[in-house]
Structure formats: structure tokens, C-alpha cells
Amino acid sequence: MRMVTVSAPGKVILFGEHAVVYGEPSLAGAIDKRIYVNLETRDDSNISINSNVAPYRISFSIDNLGSVEGFTHVRKAIELAFEQSGKKSGLDIEISSEIPVASGLGSSASVSIATILAIHEAVGSKISKNELAKLGHKVEFGVQGAASPTDTAITTFGGALFVEPDKEGYQRIDASLPLVVGCTGIERSTKALVENVRALRDKFPEIIDPIISNIGKITREAKRRIENSEDIGELMNINHGLLTALGVSNFKLDSLVYAAWGAGASGAKLTGAGGGGCMIAHAPGTQAAVANAIEKCGCMAFDSAITGEGVRVE
Ligand code: PMV
């Protein structure tokens, strides 16, 4: 029996959400919150998955991998890891997540990547980071139907990535940003929010298209500023205003953004699809005050840098 622990980080979108659906670039980075997958092979053909987040616990026989309920990303990751490594085994899996789920912080991508690598380590099979990112994307694609490869790439490689949808690959950005992440605790559906933006664009194309193109300009300028160690706060504020114009902010997100501004953040915006989920603030020298102001609104907040560390064997 072999035991291994693998961890992988969550992510935030710094700039460009929604506009990226229409071909504009996006900029995203790994955060300091991780998912830990502890995995042990078994001598029989049973698989058990335990987690500190819902649905908490399932167990089944290896032959029923595709036909049980719950932990869909983990089960798909197991299936594809068995296929890729050419080896199968009974497994005991313990998942411990520091990343809030369904809040746009990339928890499904990180658990998928950590599970695939943990299985390869446990059965003694090699997988490169490029193959890992590709397989993780296949997991998300298989479970969700459509999925951008950004989340799985970030959780694999860490750091920040500039993503241009019409180009192959990513550009790595050297970003060390003092952020605060604030979570509304409201779960939301990325798919529904993307559909709402599409409906608004179909109704008012001449008004919405320039907003989308301006978000693209903000993302390109933000990349340039980050690379030159210049402040990105104002660009975050403008981006938040444009996302509000697209109808994806709400009262709770706005109140956290205002709280962050009031506590000295250089900029703040919602992150991800909106409608709930989380916001981010850029807070050089004011991280503690900003986190405190968000907590006073009754929400969870944590400091994070954009971390260089992607998936790792513990
Ligand atoms: O909710 P998240 O963090 O998965 O972000 C969704 C980002 C969108 O641009 C709204 C959709 C997408 O597929 O890029």
C-alpha cells in the first residue's frame, strides 16, 4: 500500500472575466488557499472518498466508478488517471479543502489536478505538468460540458497567467500582488451568469460590445502595469464598474467592494462570474484593515498573495 498527499491551489481572476467569453484576454492567478488530497492504495477493489466539504463521504466498488452520485470531478479524475497510467487500484481518498466551493475560486480544478497527480504518484507512474494540466481540463470538460483551460493550468503551474482565447498556450506573468479575498457566501452558477450577459448583449449589442472591448483594454493595460510594478487599483475599480454595467454584481459584492475602498485598498472588484461568490481587493500595506472591514460586513475574508506554487507533492 502506498500513501501520498498532494495539494493544489485555488485561483482568482484578476481581470477580464466575461469579456474572455467574447475573445478578449483574461489575467488570473493562483492564491494561497489549497486543496489537500491524501490518497492510499488498497488491496481490494473499493474506493472511498471522504471530505471536509459536501457530500462528505461516499464509497463504492471500482467497477461502479461512473454510476454513483457525488464527487463528480474526483470520480472523473480517478477514471482518467487510471486510463492515463494504465493502472487501477482500490483507493482511500481524504480531501481537505481550504477553498470555499462554488464561489469562483477554482476548487473543482484544484481537486481534479491534485487527485490525478496523487494517483500517478501512488501507482508509481510518471506524468508531466503539461499532461497533468491537459488531463485536468479533460476532467472539467467531461463533467461540465464546456470549460476554459485556465483554472486547471493555474492550479497546475501556479503564478499568474495572461490568457488569450484565440492563441495556443499562456503567457506567464511575474506578479506578486498583496490581495484580500472577500467571499459573500452566496453560491452561484457561472453558466447562468454567462447566459445573462449574452442575453444583454443580444438586446443591446451597440452598448454592450464597447463595454466588453474596454474590459479587454483594461486587462492588457493591467498586464503591462503588473510587469512594470505599477499600481493596478484604478483598473480594478473601472473593471468592477463595467462588470456592474453587465449586470453581474449585486448588493453584497458591491458592499464588500465599498468596504475595501473605505479601508484603504488601492482597488477592488468582483472576481469570477459574479452574482455572489467572491471579490478581491489590491491592498498594499492595508491587507489587515481591508480584511477586517470585509469581516465587519459579515463575510469571510483572507489575505493572499498570487502564489508561485502550483500543484505539489507534500
Ligand atoms: O466563476 P469562475 O471563476 O469560474 O469564472 C467564470 C469566468 C467567466 O469569464 C464568467 C466564464 C468563463 O468561462 O471564462
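Axes here are lines fitted to C-alpha atoms, for helices over the stretch in contact, and angles run from 0 to 180 degrees between N-to-C directions. This is a predicted model, where local features need pLDDT of at least 70 and side-chain atom pairs count only at pLDDT 80 or more, while totals for chains, interfaces and linings use all residues. Residues are numbered from 1 along each chain as its sequence is written, and side-chain values use heavy atoms, with hydrogens and water left out.

Q: Why is α1 called oblique to α3?
A: Helix α1 (residues 72-85) meets helix α3 (residues 129-144) at about 130°, with the axes 9 Å apart. Under 35 degrees would be roughly parallel, over 145 roughly antiparallel, 65 to 115 roughly perpendicular, and the rest is oblique. So α1 ends up oblique to α3.

Q: What makes up the contact of α1 with α3, by class?
A: There are 6 nonpolar, 5 polar and 4 charged residues. Ala, Val, Leu, Ile, Met, Phe, Trp, Tyr, Cys and Pro count as nonpolar, Asp, Glu, Lys and Arg as charged, and the others, Gly among them, as polar.

Q: Why does α2 count as oblique to α3?
A: The axes of helix α2 (residues 107-123) and α3 cross at roughly 125° and come within 9 Å. That makes α2 oblique to α3 too.

Q: How do you know whether Ile 280 is buried or exposed?
A: Check its relative accessible area, which is 0%. Buried means under 20%, exposed over 50%, and partly exposed in between (1.4 Å probe, protein chains only). So Ile 280 is buried. Ile 280 sits in strand β10 (residues 278-282).

Key:
Helix = DSSP H or I, 4+ residues; strand = E, 2+ residues; numbered from the N terminus.
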